[in-house]
Amino acid sequence: MKQSETLVQIAKWYFLDGLSQADIARRIHKSRSMVSKMITEARNQKIVDIRISLPLSRNSELEQGLIQHCSLADARVVESLESADLNLTVLAKAGAECLAESLRENLTVGMAWSRTIREVVKQLEPMNLRDVTVVQLSGAASLDDPAANGSEIIQHFGEKIGASERYFPAPLVVRKPEVAESLLSEPVVRQSIELARSCDLAVVGIGAIDPTVNSLLQAKLIDRRTLDQFIREGSVGDILAHQLDRDGEMLNLDFNRRVIGMDIAALRNIPRVVAVAAGEKKVDAIRAAIAGCYVNVLVTDSATAELLLGRSPAGTDCPDRP
């Protein structure tokens, strides 16, 4: 028997049939330590693909509450888990299911960068769709951190569904507003923005202002002094890096004029904008994104939904989308 066939047989006995390493060792006349090494080798060679499936538990009452209270087109609410890592996993899984239900052929999909969106793409089951284009909505936040590099997320998503990929040829933030103005006038950048504005579907994250979870601070695009300035000026969070006040209005900040990407007002003209976000520290930012009519589909967890429903209505005067 070839070595690869032996590894497959041992993997089957161990992972599917439930035999112990000692049982397998007796069958093949090898030591238990040798069997352990062969099991490890089977995993290293990708013969074994271990997946842990977390069942989604959705709260339909909270979903309907958010739809009515926040004037959303749709909402997905998963029951909160105590483990932060597991909570992110189920949130991303719910986001992936929501995204999959929204996908179809002949579609242009806009994708933002965030650690949550990266997890959503990981959870997305492979599909084979024709004539789908995935577009990067803004520049790259970091070349070193894959979660903050929008192009890495775009590439992975394109591979998952067989979509063509269009990257944004610029950084997310530049040093001066005049540099941003010059860069935004470049034909290749203008073309990227126009394509982003033409999306049928967009998937975005929502950033919290809290320094312990602020993605811009973690990506080293701003320092703590700048973040404190945002807070003094009334920022409660961001969408596509643009700082928002409690009513969802973009703040008159020098930083907002240095962000490179699609203007957030254009999100209001995209038929379906899905935001995947959760956590007490993001509640005010989520509410602002809804109040500003930037998103019309929310994927969140039950603890966050309850906090959102405990506050005044948001997004009730949003105009109809195309």
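Q: What share of the contacts in the chain with a separation of 6 or more comes from residues 24 or more positions apart?
A: In this predicted model, such residues account for 71% of those contacts, where a contact means heavy atoms within 4.5 Å.

Q: How much of the chain counts as buried?
A: Of the 322 residues, 50% are buried; the label needs a relative accessible area under 20%. As for the surface, the accessible area of the chain is about 16000 Å², and carbon and sulfur atoms hold 47% of that.

Q: What makes Cys-293 and Cys-318 a disulfide?
A: Their sulfur atoms sit 1.9 Å apart, and the cut-off for a disulfide is within 2.5 Å, so the pair qualifies. A search of the whole structure finds one disulfide.

Q: Which parts does the pair tie together?
A: Cys-293 belongs to the loop between α12 (283-291) and β10 (297-301), while Cys-318 is in the segment after α13 (302-309). The linked parts are therefore 25 residues apart in sequence.

Q: Are Cys-293 and Cys-318 buried or partly exposed?
A: Cys-293 has 11% relative accessibility and counts as buried, because the limit is under 20%. Cys-318 has a relative accessible area of 28%, which makes it partly exposed, since that label covers values between 20% and 50%.

Q: How do you know that Cys-70 is in no disulfide?
A: The nearest cysteine sulfur, that of Cys-318, is 10.0 Å away, and a disulfide needs sulfur atoms within 2.5 Å. Cys-70 is also buried, at 4% relative accessible area.

Q: Why is α2 called roughly perpendicular to α3?
A: The axes of α2 (residues 21-28) and α3 (residues 32-44) come within 8 Å and cross at roughly 105°. Angles of 65 to 115 degrees count as roughly perpendicular, so α2 is roughly perpendicular to α3. Among the residues making the contact are Ile-24 and Ile-28 of α2 and Val-35 and Met-38 of α3. The contact residues divide into seven nonpolar, two polar and one charged.

Technical notes. Residues numbered from 1 in each chain as written. Predicted model: local features only at pLDDT ≥ 70, side-chain atom pairs only at ≥ 80, totals over all residues. Heavy atoms only, no water. Axes fitted to C-alpha atoms, helices over the stretch in contact; angles between N-to-C directions. Helix = DSSP H or I, 4+ residues; strand = E, 2+ residues; numbered from the N terminus. Parallel < 35°, antiparallel > 145°, perpendicular 65-115°, else oblique. Nonpolar A, V, L, I, M, F, W, Y, C, P; charged D, E, K, R; others polar. Buried < 20%, exposed > 50% of the residue type's maximum accessible area, 1.4 Å probe, protein only. Areas by Shrake-Rupley, 256 points an atom, 1.4 Å probe, with all protein chains shown as cover.
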